[in-house]
Amino acid sequence: NNLGYSDLSNREESNCLVARNIISNVTMETESLRKIYAQTGGENWINNTGWTTESHHCNWHGILCDDKEHVTKVNLTSNNVTGKFPSDALSKLHKLQ
């Protein structure tokens, strides 16, 4: 058995063997983060610095990136986040640890 996930919206499946070969796309990561913002009440967060600007997503509050500007951590603890993180958006953050 391989650890993996099913994306029911796209009827796709993946596993760790496939996922390690995925090349992250920084634009796709920005779009995914914007979806998280929209679906978790971002306009009402205590700190949403950068999330509504054109600045690089690595400069947004709660986002940590690696040296290639890929998201490695999303930390929005105690920030009045509501709802559920959209799983399809999280699944596109391939470098998330």
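This is a predicted model: local features need pLDDT of at least 70, side-chain atom pairs count only at pLDDT 80 or more; totals for chains, interfaces and linings use all residues.
Residues are numbered from 1 along each chain as its sequence is written, and side-chain values use heavy atoms, with hydrogens and water left out.

Let's start with the fold. The protein has 3 helices and 4 strands, taken as DSSP runs (helices H or I, at least four residues; strands E, at least two) numbered from the N terminus. Their order from the N terminus is β-β-α-α-β-β-α. Of its 97 residues, 28% count as buried (under 20% relative accessible area, with exposed over 50% and partly exposed in between; 1.4 Å probe, protein chains only).

Next come the charges. There is 1 salt bridge, meaning a side-chain nitrogen of Lys or Arg within 4 Å of a carboxyl oxygen of Asp or Glu. Asp88 and Lys35 form it, at 2.3 Å from N to O. Because Asp88 sits in helix H3 (residues 87–90) and Lys35 in helix H2 (residues 26–39), the pair ties together parts 53 residues apart in sequence.

Now the rings. The model has 4 aromatic pairs (Phe, Tyr or Trp rings, the six-membered one for Trp, with centres within 6.5 Å; planes under 30 degrees apart are stacked, over 60 edge-to-face, the rest tilted). Two of them share Tyr37:

| Pair | Centres | Planes | Type |
|---|---|---|---|
| Tyr37 and Trp45 | 5.1 Å | 75 degrees | edge-to-face |
| Tyr37 and Trp51 | 6.0 Å | 20 degrees | stacked |

Tyr37 and Trp51 are both buried, and Trp45 is buried at 5% relative accessibility. Ring pairs link Tyr37, Trp45, Trp51 and Trp60 into a cluster.
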